[in-house]
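The following paragraphs go through one protein model, beginning with a single residue and ending with the whole chain.

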Amino acid sequence: VPVLESGGGSVQAGRSVRLSCKASEFTSSNSAMSWARRAPGKGLEWLSGISSDGATYYADSVRGRFIISSDSFKNTVSLQMNSLKPEDTAVYHCAMKVGKVSSMLSEYDDWGQGTQVTVSS
């Protein structure tokens with residue numbers, strides 16, 4: 001399995017959740033990982049990405065609340081989600097691509113199955 005998410009669960013609004021994604025090929029040069037989510041009844045939304053050189057990118061909807069990071073020794077990319085809101089309820093996926101981070105999700109080749117995050121008010 002090239003990409004595998006973990007974490008998630010049910011939390012109350014205002015709390016934090018940390019998601020992790022293990023990707024065996026991420027630390028290879030010229031690759032990028034992103035997190036995306038699909039909320040109930042909505043399309044897939046790009047949230048944040050990190051390149052193998054450590055550059056990070058965020059969607060306006062999560063900038064300042066979510067933090068993406070990578071651990072090269074563990075081949076893991078994490079998403080720290082703070083100040084969660086009920087509208088953050090979604091299935092969260094990580095995905096990997098060759099090249100730079102892109103918000104165009106069609107460019108990503110390997111996807112995890114996703115992990116559910118439910119935020120209650």
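Met96 is part of strand S9, which covers residues 90-98; strands (E, at least two residues) and helices (H or I, at least four) are DSSP runs numbered from the N terminus. Met96 counts as buried because its relative accessibility is 6%, where buried means under 20% relative accessible area, exposed over 50% and partly exposed in between (1.4 Å probe, protein chains only). Ala23 is 73 residues from Met96 in sequence, and the C-alpha atoms of the two are 7.9 Å apart.

The model is predicted: local features need pLDDT of at least 70 and side-chain atom pairs count only at pLDDT 80 or more, while totals for chains, interfaces and linings use all residues. Residues are numbered from 1 along each chain as its sequence is written, and side-chain values use heavy atoms, without hydrogens and water. The mean pLDDT (the predictor's confidence in each residue, from 0 to 100) is 93 for the protein chain, with 97% of residues at 70 or more.

The protein chain has eleven strands and zero helices. Its radius of gyration is 13 Å, close to the 14 Å from the globule rule for 121 residues, so the chain is as compact as a globular protein of that length; the radius is taken over C-alpha atoms, and the rule is 2.2 Å times the number of residues to the power 0.38. Of the 121 residues, 44% count as buried.
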